[in-house]
Amino acid sequence: MLLRILYFSTAHADLTAAEVDAIVSHSVQANAARDVTGALAFNGRNFCQLLEGDELVVRDLIAKISTDKRHSGFKVIDEKLVQDRAFPGWAMQRVRDLDFSVVINAMTR
Ligand SMILES: Cc1cc2nc3c(=O)[nH]c(=O)nc-3n(C[C@H](O)[C@H](O)[C@H](O)COP(=O)(O)O)c2cc1C
């Protein structure tokens with residue numbers, strides 16, 4: 001079984017678009033190395049991210065992300081054990097989705 005987890009957070013007020021791009025490119029590399037997949041949406045103020053992979057690996061990653069100074073108000077919305085990935089083949093998909101529905105709906109799969 002895999003752990004799938006969904007969280008929301010609020011970007012630091014000074015975070016630039018280039019810094020968000022850097023988070024995504026780091027995540028693509030680092031998640032691929034850990035066999036973690038998922039999706040990240042950013043509406044200009046809030047992040048909504050879904051992560052899935054080995055339970056211990058995902059919990060370790062979430063612990064790191066939750067203390068990252070580039071955002072605050074980190075809040076896990078939902079988590080569950082699943083058989084199959086919602087974003088297979090996506091180490092981290094950048095989702096252009098202002099109301100987060102693509103990412104939120106993937107949680108229910
Ligand atoms: C909104 C947000 C999402 C992030 N998502 C990921 C992610 O999916 N994978 C990842 O490795 N780091 C992610 N990070 C970065 C981590 O907080 C942290 O900087 C990184 O894991 C440190 O990596 P390292 O220990 O390999 O240097 C994210 C940061 C933010 C602010």
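**Figure 1. Overall fold of the protein chain.** The model is predicted, so local features are reported only at pLDDT of at least 70 and side-chain atom pairs only at pLDDT 80 or more, whereas totals for chains, interfaces and linings use all residues. Residue numbers start from 1 along each chain as its sequence is written. The protein chain contains three helices and five strands, where helices (H or I, at least four residues) and strands (E, at least two) are DSSP runs numbered from the N terminus. In sequence order the pattern is β-α-β-β-α-β-β-α. The radius of gyration is 13 Å, close to the 13 Å given by the globule rule for 109 residues, so the protein chain is as compact as a globular protein of that length. This radius is taken over C-alpha atoms, and the globule rule is 2.2 Å times the number of residues to the power 0.38. Along the principal axes, the C-alpha atoms fill a box of roughly 40 × 25 × 25 Å. Of the 109 residues, 28% are buried; a residue is buried if 20 or more other C-beta atoms lie within 10 Å of its own, exposed if 12 or fewer, and partly exposed in between, with C-beta atoms placed from the backbone. Among contacts between residues at least 6 apart in sequence, 77% join residues at least 24 apart; a contact requires C-beta atoms, placed from the backbone, within 7 Å.

Figure 2. Helix H1 covers residues 17-34, and its 18 residues should span 26 Å at 1.5 Å a residue, which agrees with the 26 Å between its end C-alpha atoms. The expected span is 1.5 Å times one less than the number of residues. Ile23, Ser27 and Asn31 are the buried residues of H1, and their cover includes strand S2 (37-42). Aspartate 35 is placed in the loop between H1 and S2. Although not a glycine, aspartate 35 has a positive phi of about 60°. This residue is partly exposed, with 13 other C-beta atoms within 10 Å.

**Figure 3. The shell around the ligand.** Of the 17 residues around the ligand, Ser27, Ala30, Ile65, Asp68 and Arg70 come nearest; a residue is near a molecule if its C-beta atom, placed from the backbone, lies within 6 Å of it. H1, strand S3 (46-53) and helix H2 (55-66) are the elements giving two or more residues to this shell. The largest share, five residues, comes from H1. By residue class, the shell divides into eight nonpolar, six polar and three charged residues. Here Ala, Val, Leu, Ile, Met, Phe, Trp, Tyr, Cys and Pro count as nonpolar, Asp, Glu, Lys and Arg as charged, and the others, Gly among them, as polar.

Figure 4. The core has 20 residues, of which Ala39, Leu40, Ala41, Leu50, Leu51 and Val103 touch the most other members. Strand S1 (2-11), S2, S3 and H2 are the elements that give two or more residues to this core. A nonpolar core is a set of buried Ala, Val, Leu, Ile, Met, Phe, Trp, Tyr and Cys residues joined through C-beta atoms within 7 Å. Leucine 51 touches Ile5, Val36, Gly38, Val58, Leu61 and Ile62, leaving aside residues up to four places away in sequence. Glycine 38 belongs to strand S2 and is buried, with 26 other C-beta atoms within 10 Å.

**Figure 5. Phenylalanine 74 and serine 72 in strand S4.** Strand S4 (residues 71-82) holds phenylalanine 74, and serine 72 also lies in S4. Phenylalanine 74 is partly exposed, with 16 other C-beta atoms within 10 Å, whereas serine 72 counts as exposed, with 12 C-beta neighbours inside 10 Å. Beyond four places in sequence, phenylalanine 74 touches Tyr7, Ser9 and Ser66, and serine 72 touches Ser9, Thr10 and His12. The C-alpha atoms of phenylalanine 74 and alanine 11 are separated by 9.6 Å, although these residues are 63 apart along the chain.

Figure 6. Phenylalanine 100 occupies the loop between strand S5 (93-95) and helix H3 (101-107). Its phi is near 70°, a positive value in a residue other than glycine. Phenylalanine 100 counts as buried, with 21 C-beta neighbours inside 10 Å.

Definitions and conventions: Two residues are in contact if their C-beta atoms, placed from the backbone, lie within 7 Å.
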